[in-house]
Amino acid sequence: MGVYHAGSRAVQDRVGVREQADHVGRSVGQGIREVAAAFLELQPLLVAGAADPSTGLVWASPLTGAPGFVRATGPQRISVTGGWSPADPLAAAFATPGTPVGTIALDPRTRRRMRLNGRLGPTARGFAIEADQVFSNCPKYLQRRTSYEVVADRHRGAARHGAELTPGQAEFVSAADTFFLASVHEGGADVSHRGGNPGFVRVDSPGELSWRDYPGNSMFLTLGNLAADPRAGLLFLDWTTGTVLQLTGEARTEFGDDRRVRFTVRETVETPWALPLRWSAPEYSPANPDPAH
């Protein structure tokens, strides 16, 4: 399968960046280089995105563990040892052979991120992914957090399910400087990062969010997926308390001078103290635009 499908090509052509996309696309491969393997083994957090095989709903889920819980075990293969709750919306997907899955490993300490997409196979201790696409992104819009600690006595709270945002969840989203966006296309899945100064995600109503699509690498993998299939999953993290907010629904792009993505909420899952990591305060990326504009 090539780097781009028809959805991405349609967006590239609409924006007029096909040539740039072809240039950047040459960096996408199937192999995991030594530097990428070393990067993965240092990470305590991996975000995965996929469709639930029973409902078709798309979710983004955080996986955590001691560095080394994600590691390259072959030239095109990574293995993940646990790191998620049986109550996670993607728990069934992680146990289903052949599930298309996207992942992103993001290191706030170095403003580096790596994406690996492929097909999942359950293992005795977690799952493995045979890679179709492996690539890194630039540090644009990525907030720097210089350190983290593991809070050993933090205990996951009960998940709260809903069909729209509560007032507290709306405040959480409005204050976010980072979220993750899972999307799918025929035969594949992807997770991307979105970042900006607090306020860059707008809560338009309890059932709808929107954000400006900042200029990126011109590949338009995410917007291309959404053009072909609007199903999407959003993941917001509280980098201090470990609380996780997962949303599933549909997203559509509004093109214009101020290109925006509008997300309609279908289901919400909020899990207090879900992650054992406590990160230091952010240093906002100098690339972040003013969210008021």
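Guide: Helix α1 passes helix α6 in a right-handed crossing. Helices here are DSSP runs of H or I with at least four residues, strands are E runs of at least two, and both are numbered from the N terminus.

The model is predicted: local features need pLDDT of at least 70, side-chain atom pairs count only at pLDDT 80 or more, and totals for chains, interfaces and linings use all residues. Numbering starts from 1 along each chain as its sequence is written, and side-chain values use heavy atoms, without hydrogens or water.

Two packed helices are described by an angle between their axes and a distance between those axes. For α1 (residues 6-15) and α6 (residues 221-228), the angle is about 115 degrees and the axes are 7 Å apart. So α1 is roughly perpendicular to α6. That label covers 65 to 115 degrees; under 35 is roughly parallel, over 145 roughly antiparallel, and the rest oblique. The axes are lines fitted to C-alpha atoms over the stretch in contact, and angles run from 0 to 180 degrees between N-to-C directions.

Which residues meet? From α1 come Gly7, Ser8 and Val11; from α6 come Leu221, Leu223, Gly224 and Ala227. Contact means heavy atoms within 4.5 Å. By class, the contact of α1 with α6 has four nonpolar residues, three polar and no charged. Nonpolar covers Ala, Val, Leu, Ile, Met, Phe, Trp, Tyr, Cys and Pro; charged covers Asp, Glu, Lys and Arg; the others, Gly among them, are polar.

Stay with α6. This helix is mostly covered, with six of its eight residues buried. Buried means under 20% relative accessible area, exposed over 50%, and partly exposed in between, using a 1.4 Å probe and protein chains only. The buried residues of α6 are Leu221, Thr222, Leu223, Gly224, Asn225 and Leu226.

Take Thr222, which lies in α6. Thr222 counts as buried because its relative accessibility is 4%. Beyond its neighbours within four places in sequence, Thr222 touches Arg115, Leu181, Ser183, Asp190, Ser192 and Arg194. Ala292 is 70 residues from Thr222 in sequence, and their C-alpha atoms are 24 Å apart.

Now the loops. Leu165 sits between β9 (160-162) and α5 (167-174). Its relative accessibility is 5%, so Leu165 is buried. Pro206 is 41 residues from Leu165 in sequence, yet 4.8 Å from it, C-alpha to C-alpha. Pro206 is also one of the contacts of Leu165 outside four places in sequence, with Ala170, Val203, Leu209, Leu245, Leu247 and Thr268.

Two loop residues have positive phi without being glycine. Tyr141, between β7 (126-137) and β8 (148-150), has phi near 65 degrees. Tyr141 is buried at 10% relative accessible area. Arg111, between β5 (100-107) and β6 (112-123), has phi of about 55 degrees.

Last, the whole chain. The protein chain has six helices and 17 strands. Its radius of gyration is 18 Å, close to the 19 Å of the globule rule for 293 residues, so the chain is as compact as a globular protein of that length. The radius is taken over C-alpha atoms, and the rule is 2.2 Å times the number of residues to the power 0.38. Of the 293 residues, 52% count as buried. Among contacts with a separation of 6 or more, 69% join residues 24 or more positions apart.

Definitions and conventions
Left-handed = near helix turned anticlockwise from the far one by under 90°.
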